[in-house]
Each structure stands twice: as C-alpha cells, then as structure tokens.
Amino acid sequence: MSAAATEAESVFTAAREDVPLRVAVVIGSVREGRAGRAVTEWFLGIAERHGGLELDVIDLADVALPLVMPGWGGTPSPEAAAALADVTPRLAAADAYVVVTPEYNHSFPAALKNLIDWHHVQWRAKPAGFVSYGGLSGGLRAVEQLRLVFAELHAVTMRDAVSLHGPWSGLGEDGVPRDTAVSESAAKGMLGQLVWWGRALRAARATQPYEG
C-alpha cells in the first residue's frame, strides 16, 4: 500500500464513529482517605453506559513520578524513567482526557500538576473534561485553574463540567452522589461534548498533524 493510501486509511479510521474513543481518566488525588476513587468509579459507570468509549484509569496514587525534573535536554532519573515508561504511552494513546480532581486551598493537587508538567505534546489538540468535588464550591476553583494550565498546553477544555458539592455529605457510602438525577445529567452532558470534540480532533490530527 502506498504512503498516500496508508494516510487515507488512517484518516478514514480516525473519522469512523464505530471506532471507540480512547479516554484516559486521571484520578488527581493521592491523599489518604480520599474520595477520588469512589467518585471515579461512579463516573466510570456512567461513561460505560454511554458506549463508544475505551476507558483507561490512571490513578496518580500508583504513579511514582518524582518532583525533581531534569534540566532542559537532561535525562530523567531511573525512577522517573520507570514511571514515565508506564504512564506516558497511555497519555499519548488517549484521544481525550477526563480529570477527576478535588479542590485543595482554592486549587488542584500537586500530584496532578506534577503529572501534567512531566508531559507536553501528549495533551496537544485533544479535549479534556473535568469531574470535580469539594466543599461548597464543588471543586470549581480547581477546575478554573486547570483550564488555564491546559490552554497553555494547547488542549481544549469542555465548557460544562461535573461538580459534586460537599462529597462527604453528598455521596452515599457506595460512592454514588445522592442527587443522582442532577449529577448524572451533568456527566452525560460533559461526555457528549467530550465525544464530539474527541472525534473531531482525532480526525483533524489524522488529516493534518497539529503544529502548536
């Protein structure tokens, strides 16, 4: 098969709606006793019912990325290289991202920022959605700051997000929000936007590589 034919096949495959959209779901909290895992499991249930998605959960509690980074052009430490060997290909393979984050001191967790900063091109020209939780704000201040970070990385953030207010009283013991109608509606709305952008940008990247 010629190079042109191979490229045409790649574009056709990327545009096909029956090809699952690969979504990396990042759990941003690593704190002991966190609610993040329960919130993620609830969201995954909705995402699985949505259909057409290939979900890959990246739990930062299992990603041993150090805080110390090499200088420009330097080589990551063996510890960092081992962690990157697992997580970087998964981020690169994703067509879209969903970040599950709490709010810490009006912002998002350091472990999440560390993962983001260890990567760059992996985020480019891809959509990112958010599921946040917290007190009265429901984690919205964390999401607003994440929007600024992802814009710098040439990612497209979804206008609508899922915000769970007061998870310690708003979530049942099974990790399911008590206001299921409102929460599930928000999750479905965000997923609809994510899928639209995910498919559109996947086809666009296949047609013409992004040069941001």
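Author: Tyr97, Trp123, Phe130 and Phe150 form one aromatic cluster. Rings of Phe, Tyr and Trp (its six-membered ring) pair if their centres lie within 6.5 Å; planes under 30 degrees apart are stacked, over 60 edge-to-face, and the rest tilted. The model is predicted, so local features need pLDDT of at least 70 and side-chain atom pairs pLDDT 80 or more, while totals for chains, interfaces and linings use all residues. Residues are numbered from 1 along each chain as its sequence is written, and side-chain values use heavy atoms, without hydrogens or water.

Buried means under 20% relative accessible area, exposed over 50%, and partly exposed in between (1.4 Å probe, protein chains only). Helices (H or I, at least four residues) and strands (E, at least two) are DSSP runs, numbered from the N terminus. In soluble globular proteins, nonpolar side chains tend to be buried together.

Leaving out residues up to four places away in sequence, isoleucine 116 touches Trp123, Leu146, Val149, Phe150 and Leu153. Contact means heavy atoms within 4.5 Å.

Several of those partners lie on H5. Its buried residues are Ala142, Val143, Leu146, Arg147, Val149 and Phe150. They pack against S3, H4, S4 and strand S5 (156–157). H5 has 13 residues and spans 19 Å from first C-alpha to last. That is close to the 18 Å expected at 1.5 Å a residue; the expected span is 1.5 Å times one less than the number of residues.

Just after H5 comes histidine 154, with a positive phi of about 65°. Histidine 154 is in the loop between H5 and S5. Its relative accessible area is 29%, so it is partly exposed. Histidine 106 lies in the loop between S3 and H4. It is partly exposed, because its relative accessible area is 44%. Most residues other than glycine have a negative phi.

Asparagine 114 lies in H4. It is buried, because its relative accessibility is 8%. Beyond its neighbours within four places in sequence, asparagine 114 is in contact with Leu65, Pro66, Leu67 and Met69.

S4 covers residues 127–134 and holds serine 132. The relative accessible area of serine 132 is 0%, so it is buried. Apart from residues up to four places away, serine 132 touches Thr101, Gly138, Gly139, Leu140, Val143, Val162, Ser163 and Leu164. Val143 is one of the buried residues of H5.

Back to aromatic rings. The whole structure has four aromatic pairs. One of them joins tryptophan 196 and tryptophan 197, whose ring centres are 5.2 Å apart. Their planes stand at 80°, so the pair is edge-to-face. Tryptophan 196 is exposed, because its relative accessibility is 56%. Tryptophan 197 is partly exposed, at 34%.

Valine 182 is in helix H7 (residues 180–207). It counts as exposed, because its relative accessibility is 57%. Valine 182 and leucine 84 are 98 residues apart in sequence and 37 Å apart in space, C-alpha to C-alpha. Valine 176 lies in the loop between helix H6 (167–170) and H7. At 30% relative accessibility, valine 176 is partly exposed. Its C-alpha is separated by 32 Å from that of tryptophan 118, which is 58 residues away along the chain.
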